[in-house]
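Subject: Structure handover

Hi,

Here is the structure you asked for. Please open it alongside this note, as the findings follow below.

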Amino acid sequence: MRALLGRERSAAAASSAKGRTIDIGWLLDTDKARFIWEEPRRKKPSDPSPTHAKSVTLCPSVRDHEARTFEVPCPIDVRLAFRKDEKGQPALSNLDGDMSAIRGKHLNQMLAIVAPREWRHPNRPVIQLMTPYVFLSDEPVWMTQIEPIGRYRADPWPGVMIGGRLPIHIWPRPMMWAFEWHDVTRPLVLKRGEPWFSLLFETMDPARPFRLFEAERTPEVIEHMQGLSAVSNYVDKTFSLFKTAQARRPARLLVRKSQPSENEAPAA
């Protein structure tokens, strides 16, 4: 009888854990111009309301996929051109010049050209735009950053965004937007408010719902991020440090900010 009751309790606990919502937080690791960085948002279809019961819009798999997909909007308006300087080194030009919405000094603080020897292809420059977005969780969650999903561009980018995947429960770090420039004869045009990149979240149980909300930048979060900051300058494979990050991680990193969020509703 005791064994039976024990199994029933275990089954009930497992069922409860399976249905429990996983909390995922986002925060801005900056004290400047915070208002240009918008809240990550669920991917919302722009199509008209369906008029047929079998419409693609009503497909359960499509709806579940879109409910679990978030996108981050671009913070700035800029038109960039790739060029070589007088020494033959890769350089960038802001095509809007004095009419640019962003000052050159501040654009240069956000933007960097990766050293040519680190490119994936000798004729495809790689640039990076730094962002203050940090994502974290107190349960095992892996996050994948990719190009905006399901967004048609009349004027496609002249290359591809370089995606990545990392465990945000032990490796919360400011995100980069990395771009591989395939056609250097065409400018890269970024528009404020347009989808910039998409985010997908993986948990130990794919069926469990999750919710995304703004988190506090607590002293514990700051200290943990300092431990993983710039480690790629010292080691080749940062994934080898995951065990260290896990061992030195405080019991709790995720603390929710007080104000509610429109994206808080759990994913289906």
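Arg 151 sits in the loop between β9 (141-146) and β10 (159-162). Helices (H or I, at least four residues) and strands (E, at least two) are DSSP runs, numbered from the N terminus. Arg 151 is partly exposed, at 26% relative accessibility. Buried here means under 20% relative accessible area, exposed means over 50%, and partly exposed is in between (1.4 Å probe, protein chains only). Arg 151 and Pro 195 are 44 residues apart along the chain, and their C-alpha atoms are separated by 7.7 Å.

A word on the source: this is a predicted model, in which local features need pLDDT of at least 70 and side-chain atom pairs count only at pLDDT 80 or more, while totals for chains, interfaces and linings use all residues. Residues are numbered from 1 along each chain as its sequence is written, and side-chain values use heavy atoms, with hydrogens and water left out.

Overall picture

The protein chain has five helices and 15 strands. Of its 268 residues, 38% are buried. Take the contacts (heavy atoms within 4.5 Å) between residues at least 6 apart in sequence: 78% of them join residues at least 24 apart.

The cavity

Pro 195 turns up again here. The structure holds one cavity of 30 Å³ or more. The largest cavity has a volume of about 40 Å³. Its lining consists of Cys 74, Arg 153, Trp 157, Val 189, Leu 190, Lys 191, Glu 194, Pro 195 and Trp 196. The elements giving two or more residues to that lining are β13 (188-190) and β14 (195-203). By type, the lining residues are six nonpolar, no polar and three charged. Nonpolar covers Ala, Val, Leu, Ile, Met, Phe, Trp, Tyr, Cys and Pro; charged covers Asp, Glu, Lys and Arg; the others, Gly among them, are polar.

On the terms: a cavity is a set of points, on a 1 Å grid over the protein atoms alone, where a 1.4 Å probe fits but cannot get out, and lining residues have an atom within 4 Å of a point. Grid points are joined across faces, edges and corners, and the volume is the space filled by probe spheres set on the points.

The cores

A nonpolar core is a set of buried Ala, Val, Leu, Ile, Met, Phe, Trp, Tyr and Cys residues joined through side-chain atoms within 4.5 Å. The largest has 48 residues. Which of them touch the most other members? They are Phe 135, Trp 177, Leu 188, Leu 190, Trp 196 and Phe 201. Leaving out residues up to four places away in sequence, Trp 177 touches Ile 127, Gln 128, Leu 129, Thr 131, Gln 145, Trp 157, Met 161, Leu 188, Leu 190, Trp 196 and Phe 197.

Leu 27 lies in strand β1. Leu 27 is buried, at 1% relative accessible area. Leu 27 and Leu 136 are 109 residues apart in sequence and 8.6 Å apart in space, C-alpha to C-alpha. Not counting residues up to four places away in sequence, Leu 27 touches Pro 132, Tyr 133, Val 134, Leu 136, Ala 215, Glu 216, Arg 217 and Val 221.

Helix α4

Val 221 belongs to α4 (residues 219-228), where Val 221, His 224, Met 225 and Leu 228 are buried. Seen down the axis, the buried residues of α4 fall within an arc of 100°, so they line one face of the helix. The arc is taken from the directions from the helix axis to the C-beta atoms. The face turned away from the buried side carries the exposed residues Pro 219, Glu 223, Gln 226 and Gly 227. The buried residues of α4 pack against β1 (22-28), β8 (133-136) and α5 (242-248).

Loops to look at

Arg 173 lies in the loop between β11 (164-167) and β12 (176-181). Arg 173 is partly exposed, at 32% relative accessibility. Its contacts include Leu 228 and Tyr 133, not counting residues up to four places away in sequence.

Ala 230 is in the loop between α4 and α5. Phi of Ala 230 is positive, near 65°, in a residue other than glycine. Ala 33, in the loop between β1 and β2 (41-42), also has a positive phi, about 45°.

Best wishes

Conventions. 1 Å grid on protein atoms, 1.4 Å probe; cavity = no way out; pocket = protein on both sides within 12 Å on 5 of 7 lines; lining within 4 Å.
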